[in-house]
Amino acid sequence: MKQLIQSYKTGELGLFDVPVPVCDDHGILVKTTASLVSAGTEKMIVDIAKKSLLGKAKARPDLVKQVVDKMKKEGVKNTLEKVFSKLDTPIPLGYSCAGRVLEVGRLVEGVSVGERVACGGAGYANHSEVNYIPKNLFVKIPENVDDVDASFVTVGAIALQGVRQTAPTLGENIAVMGLGLLGQLTVQLLKANGCRVIGSDIDPDKMELAKKLGADETCHAGDLVKKAMEFSNGYGVDAVIITASTASNQPIIDAGDISRMRGRVVVVGMVGMDIPRNEYYKKELTLKLSMAYGPGRYDPEYEEKGIDYPYDLVRWTEQRNFEAFLNLIAEGKITPKDLITHRFDFDDAMKAYDLLEGKVQEKYLGIVLTYTRDIDLEKNKIVQISAKPVTADHINVGLVGAGNFTKSVILPNLKKVGGYDLVGLCTATGVSAHGTGEKHGFKYITTNEEEIFRNDEINAVFVTTRHDRHAGSVLRAIESKKHCFVEKPLCIKEEELEAIAAAYDGSTIVQVGFNRRFSPLIRKMKEKVGDAPMSLMYRVNAGIIPREVWIQDPEVGGGRIVGEVCHFIDTCSYLIGSEVAKVYAACIHKNDKSIPDEDNVSIVLSYENGSTATINYYAYGDAGMPKEYLELFANGISMQMNDFRELAVYAKGHREKSKNANQDKGFVDEFKAFREAVKTGRPAIAFDSIYNTTKTTFKILESLKSGKTVEIR
């Protein structure tokens, strides 16, 4: 199938062949029939992508600061590699469309294959022939509303949410600043609400259109202060809705000037926000920002999992705004077709962006893409990129998942190591598969995981999906007799661990991404200390991950102890050369519930050979401190390792110090070890050690709940 994609790095924009997305349990697959090009939002995205690297830096100074801070911690070389990898991430364009249902997820009710739906959401309702839409981001289209009108649903919800934030009452005087798509819809919504409306813009054609659609008065933006006072009989307007898009602060200034005492100002568009305090203070004005489509936006529980807000507590969610907007179209109170200036067949979509970029000198407002091609789902689940030959005695990789870590760390380091041939790439969405597959030279891309496991050319599978999918993919790899490298953790539930242990017969390699044991500094520590009983103290300044991020979800990410502390357990076990026998853990109990208590935890590990290790894992520390610090004490020797850049060894009264310009957390050597393990059949990390480390994470959680020492059995 075809999808419109832009490279954030080069600004290249085009229609590309990608596999159809997977239909998750929480959503539906939709064959697009019409999609709306947002002249404001999409133009901004396209313009930024077209900028030079310096231009991008000027546009996002906040990200530049993050890069500088990362350079100080990880080194210039490591940071730049990650930055350029991030820039290579392709951008799916579009966020408002309509179409027909092709497939319904297991947990979705009330909709059937063949029904018409209107869909919203950046990253979901794309300019693509088929889209995956979560269940809270689509609504059925009323019978007397056609697909073209319905494709305005997201922009309509944005305008509607702005009006809701304004809380207009019958007969009020309201000014709308900016008469683009949002402004025109806002005018119609206010008129449907019984308000008197004055609209302003710099384009006479938009002013004329607003009058046609019901505005009581329109004027040039430069005349608004005078005209609004006349319009309101000298009192000032009751409310102002700013739908303009400009870096200028003038709309905020003018809004204060034209408001009555205790008036309301609502910002919907992107404008300068330097508020003139004196004017707003003297009039005691209320200033609000409207959050896109409405309650639910940016909440992954709502948008991704489909967990709705109670109707009686949150009357107008983004989905219910979608529904209300379509109903207003059905009643004839909103007329999106009056806003359309251009229509293009999807195959000619680039003509629409020629308009946005100014390559064609025509005025535009509403731009709609229409889709006519039939799509066979099965035939479009795989896209061949090349016909390169695959040699049976090489490590032929099938990669499942291509998130930021995979693109910035795993794939670049596999290329550095060599000896790996990239064959098949599977991701949940076609856009991520396309960008990664093309850049790294995969033979084919797919959204169907089975295409990886049943491909006889592939002898090694790399699993880098979200944590809840690890166990299933590892089991499929074992069943398919393919070697498996799985990013940590191995799994997130104890029953999954036991299932993997029961299935694993040792005939293939299973390696977890415990890279730290392969770091040159950790290897040097091991060489110095040997197998003597020892004590370790591992301090991790982990940083905060908010509760709403997927890794904190016990059912998806498993939490940070399962998802990340496993790294530090494995490093300790490698240095000690033994397995954990029992564990005791305690965590901070605090009133602040923005992050789980377990994110600030002290763990004491007792090993079978008599050694001990203490892991202090803290999320609340200052980010300026290096992340990881490890001290080792054995008979006659002490060591300090600081963030994989410095190592001090104290022995016989002398100090030996090593320092690296860049962090080396062992990724290159980790993939060398996996390559060697596949060739020789000898695991780089014993499966028993992987099992023990993973089991220990579950026992840490058990100890936290019981307050007791727990044995690892």
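Buried here means under 20% relative accessible area and exposed over 50%, with partly exposed in between, using a 1.4 Å probe and protein chains only. By that definition Thr614 is partly exposed, because its relative accessible area is 25%.

Before I go on, a word on the model. It is predicted, so local features need pLDDT of at least 70 and side-chain atom pairs count only at pLDDT 80 or more, while totals for chains, interfaces and linings use all residues. Residues are numbered from 1 along each chain as its sequence is written, and side-chain values use heavy atoms, with hydrogens and water left out.

Back to Thr614. This residue sits in strand S27, residues 612–618; helices (H or I, at least four residues) and strands (E, at least two) are DSSP runs numbered from the N terminus. Leaving aside neighbours within four places in sequence, Thr614 is in contact (heavy atoms within 4.5 Å) with Leu536, Met537, Tyr538, Ile603 and Val604. From Gly120, Thr614 is 494 residues away in sequence and 49 Å away in space, C-alpha to C-alpha.

Next, the cores. A nonpolar core is a set of buried Ala, Val, Leu, Ile, Met, Phe, Trp, Tyr and Cys residues joined through side-chain atoms within 4.5 Å. The largest one has 75 residues, and Ile28 and Ile133 have the most contacts inside it. Helix H6, residues 153–166, supplies the largest share of this core, seven residues. A second, separate core has 41 residues, including Met525, Ile569, Cys572 and Val583. As for Ile28, not counting residues up to four places away in sequence, the residues it touches include Val101, Val104, Asn131, Ile133 and Phe138.

Now helix H16. Why is H16 described as largely enclosed by the rest of the structure? Nine of its eleven residues, in the run 430–440, are buried, so the rest of the structure largely encloses it. Those nine are Gly430, Val431, Ser432, Ala433, His434, Gly435, Thr436, Gly437 and His440. They pack against several elements, among them strand S1 (2–7), helix H15 (404–417) and strand S19 (420–426). Just after H16, Gly441 has a positive phi of about 75°.

Last, helix packing. Axes are lines fitted to C-alpha atoms, for helices over the stretch in contact, and angles run from 0 to 180 degrees between N-to-C directions. Under 35 degrees counts as roughly parallel, over 145 as roughly antiparallel, 65 to 115 as roughly perpendicular, and the rest as oblique.

Helix H19 (494–503) and helix H23 (687–706) pack at about 165°, with axes 10 Å apart. That angle makes H19 roughly antiparallel to H23. By class, their contact has six nonpolar, one polar and four charged residues; Ala, Val, Leu, Ile, Met, Phe, Trp, Tyr, Cys and Pro count as nonpolar, Asp, Glu, Lys and Arg as charged, and the others, Gly among them, as polar.

H19 also packs with helix H18 (470–479), at about 10° and with axes 10 Å apart. H18 is thus roughly parallel to H19. Here Ala471, Val474, Leu475 and Ile478 of H18 meet Glu496, Ala499, Ile500 and Ala503 of H19. This contact divides into seven nonpolar, no polar and one charged.

The remaining pair is H15 with helix H22 (667–680), at about 60° and with axes 9 Å apart. These two are therefore oblique to each other. Their contact includes Phe405 and Val409 of H15 and Phe667 and Arg675 of H22.
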